[in-house]
Amino acid sequence: MSEKPTKEKTADLGDLLAEPRVGQLPAVTRGPIPVVQALTVGANQQTPAVGQRVTRLDIRTHVTGSTRYIDDLAFPGMLHVKILRSTQAHARILSIDTTAARAMPGVVATLTGDEIPENSFGSSYQDQPVLAVDRVRHQGDGLVAIAAETEQQASDALAAVKVTYEPLPALFDPLEAIRPDAPKIHRDNNVYASKVIIRGDVEKGFAESDQIFERRYRTQMIEHVPMEPFAAIALWEPDGQLHVYSSNGRITLGRADLARTLQMPMNRIRVTATFIGGNFGGKNEIRTEPILALLAKKTRQPVKATFNREDEFIASTTRHPIIMDYKTGVADDGHLIARSVRLVLDGGAYASWSETTVGKAAILAAGPYRIPNVHVEGHAVYTNKTVTGAMRGFGAPQVAFAYESQMDEIANTLGMDPLAIRLLNGFSEGSISHTGQVLQAVALEETLLTAAKRSGWMEEGT
Amino acid sequence: MRSFEYLAPSSLNELLEVMGDRAPNFKLLAGGTDLLVDLKHGPSGPKLVMDLGAVPELKGIEETPLGLRIGAMVTHSQIQQSALIAEHAPAMMAAAATIGAVQTRNMGTIGGNLVTCVPSLDSGPVLVALDAQVTVAGVHGRRVLAITEFFVGPRQTALAPDELLVDILIPTAMLGRATAFRKFGLRKGQALALVNAAASIAVDNDRIVEARIALGAVAPTVIRATDGERVITGRSTDDVGALREAAAVAVTETRPIDDFRASAAYRRELVAVGTYRVLEEALALATRS
Amino acid sequence: MHQVEMMVNGQVRRAEVPAETTLLSVLRETWGLTGSKLGCDVGDCGACTVLVDGLSVNACLLLAVQVDGQEVLTIEGMGGFDYLHPIQAAFERLSSIQCGFCAPGIVISAKALIDKNPHPTEQEIREALAGNLCRCTGYTKIIEGIAEACRAPAITDGISVTESGHV
């Protein structure tokens, strides 16, 4: 135990920042990190704002159709970019020939991955190429970007690009992908992010339980389908500064990723975010921005790329499907004694926000219930499928489906009211979460009772 | 969209002449709700698109000595709002109301819908239940076909490359015939039918004297369930069990597929339920009048 | 190339366009009326909804040449920052809209409904919006907003806002 935790923490952070992973980022110095006081119960009580009707600041331009989204912007001489995507789920790229495409009407420039200074990005691991060069890992990997005078000309030119592939065995099932003999999608292990949470002794807990419930639950892949497809514009200002307009919800990360991929200082990059027509986690990373920056540089013209709906489905991220194995030991009176959970997240072809997702799914996997013995492990696994990443809740909705389904099954078998088993086991004020956090302002019981009354499960006034 | 030549002929003769010259290298543009999607995202575009919007012979709903004539370019919204349809064939309104959404019904036409000839075609079953006929025209003349002859296979009609659908006729004998329609989709709005069903019933002296059952999305085209029809023909209008029997027999006449929308087994369940309901509703209408 | 001329929001607009130009693209790209949005490009989402001769249509599925000589109403003709149509005012009061991308199409669809049926039931409102997708709101506040707008005097008197925003 350190006597000066605050100072030690500063030192840790300082070490991290001394070796920035971002190419030419300037070093950052910071003062000590302030110690954050735990909130008191009083501080967590509802503010008067809850339940009040407020007028959104941005709504008037929305309802009059005058809000400008990226695709509503245009610049003189602006070119349009389309991206050729892999037709293979997993293949070695033998050759890419853009000669014929470059001669197509209206085509001004093409770009391939080997022209990108640092051709990789990703929020946790930089394992995703901006444009694939030697290998494609899912149908949706970009291969060639074409800038033309019109979108149609750019689309037509894509058909003239010749790509030859050598197909590789593809994995579509994460349970197959975790087998030791499975073909490897990146490096030497398809499991690329894991989280383990252990509390008490789960085997001992099972031994002490009267009944054991086991079930596998699965959820499906979900696309965010924002109403506004992803769009970006890049242009170079007269002073040599890169200016990118992007429907990216995390412009600071986007700027860092641009600095890294383009190998240029971040202070020469300006990212303008306007209104975003729906994000839900699907617009939290760069998509086309480095490509557009390089094509704008090549052509000396502003360039724009707007995803069509197909691009949005195959080349943005999606919600992780999770295969969830639950085993729960209970006493005959309904008390939960032990729960083990194994989560296998279909991580798709690249890591994206999987590390965050596996973490959050694991932390929440045992549910808002007092269980003395818990063992959770979550693994994100590469497959040759659409990339999975951030989406509302980062894995929380998937595990909620599993543990709440199992609670119903337990209640049903024990002959208990599903509400009663939740009230019996639910977190209350001062409960310790599965990761050791002392919980404050816990309103689970109140919430359950209110929901039960309003839904008619329980009579009002009981 | 790729470029194409655009013509908007102002008469049927002018249209047929160009069709005769240019077949099969053109596409006809009716409501555009399918064609525009194909033109944008389909593999290759046509050289010529001919807009049918200015051809007067394809428009209008009117009573003729032979029956009720509905021009191929009549939109689903116009069917929903037509007093003549309301009087003579109200089940067509019920079917039209289930197609797409308001915007697609304002644009999409009954002719365009029939010509796509997808198995789930929502305007098909009621027309089959009403024994509709279609007029098709080409540069060499006109033909009249039963609607069931018009449907050949999935996305395949009896039209020759230089022919088009001109109008639909509900024969006089079927006007006012008690008819019902049901559609089952994964949701209410903008859904493709998992199963759709229509039935028409004629009653005389407390007996069912004629019945037609039409089913969609459970075979390569909209089909008539003639075995099911035979089960109830001649039965008493009080014989509730007859409708269940007919529905069960109708199931055996279908060939539903498994796809991502529904399993074949589920579709068979829907056929049983849907057939029973349309028969029940048509019978109630028939006995009321 | 084809000459097209149409009355857009009460103003005559002309353009010379290739046949394959959609109504949506001539509105957005030629005339700068970017309020109508391209969401799906296949007529499912309704973000491009406009009125043509009073009927709501998907501007992404119409060729500009098909609309030659007709009247078009877009969101830009539905009131502006300083003068809201009752539907827009109700949406603002109820915070019916979140990201805003679906709003232009929804306002137009709601107007098409109210023009024909000034006192729609909730079910009729839902049916009128079947062709307008929203991913943020779950529609509840949008439906409430339209219902509230129908209680506004301007609607119940049968008056609606014109292109210039004056009733």
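The area buried between chain B and chain C is about 2000 Å², with carbon and sulfur atoms giving 59% of that. The model you are looking at is predicted, so please read each value below as computed from that model. Two meeting places come up here, one between chain A and chain C and one between chain B and chain C.

**Where chain B touches chain C**

- Start with the residues: 25 from chain B are in contact with 29 from chain C.
- Charged pairing is represented here by a count of one salt bridge between chain B and chain C. B:K40 forms a salt bridge with C:D41, and their closest N and O atoms are 2.5 Å apart.
- Polar contacts are also found between chain B and chain C, with nine residue pairs counted (both at pLDDT 80 or more).
- By residue type, the side of chain B that touches chain C divides into ten nonpolar, eleven polar and four charged residues.

**Where chain A touches chain C**

- On this side of the story, 29 residues of chain A are in contact with 36 residues of chain C.
- The area buried between chain A and chain C is about 2500 Å², and carbon and sulfur atoms give 56% of it. Within chain A, the residues that lose the most area to chain C are A:R60, A:V63 and A:M227, which together make up 29% of what that side buries.
- How many salt bridges are counted between chain A and chain C? The count is four.
- A:R60 forms a salt bridge with C:E92, where the closest N and O atoms are 2.8 Å apart.
- Between chain A and chain C, 18 residue pairs are in polar contact (both at pLDDT 80 or more). Helix α2 (residues 59-63) of chain A gives the most to the side that touches chain C, with five residues.
- Sorted by type, the residues on the side of chain A that touches chain C are ten nonpolar, nine polar and ten charged.

- In chain A, the side chains of A:D325 and A:R216 meet in a salt bridge (2.7 Å, N to O). This pair links distant parts of the chain: A:D325 lies in strand β15 (residues 322-330) and A:R216 in strand β8 (residues 211-218), 109 residues apart. A:R216 is partly exposed, with a relative accessible area of 40%.
- A:R56 forms a salt bridge with A:D58, the closest N and O atoms being 3.3 Å apart. A:R56 is partly exposed too, and its relative accessible area is 31%.
- In chain B, a salt bridge joins the side chains of B:D259 and B:R267 (3.3 Å, N to O).

Notes: Residues are numbered from 1 along each chain as its sequence is written. Chains are lettered from A and ligands numbered from 1 in the order in which they are written. This is a predicted model: local features need pLDDT of at least 70, side-chain atom pairs count only at pLDDT 80 or more; totals for chains, interfaces and linings use all residues. Side-chain values use heavy atoms; hydrogens and water are left out. Contact means heavy atoms within 4.5 Å. Buried area is the accessible area (1.4 Å probe) that two parts lose on being put together, summed over both. A polar contact is a pair of N or O atoms within 3.5 Å; within protein, one must be able to donate a hydrogen and the other to accept it, and residues adjacent in sequence count only if both atoms are side-chain atoms. Helices (H or I, at least four residues) and strands (E, at least two) are DSSP runs, numbered from the N terminus. Ala, Val, Leu, Ile, Met, Phe, Trp, Tyr, Cys and Pro count as nonpolar, Asp, Glu, Lys and Arg as charged, and the others, Gly among them, as polar. Buried means under 20% relative accessible area, exposed over 50%, partly exposed in between (1.4 Å probe, protein chains only).
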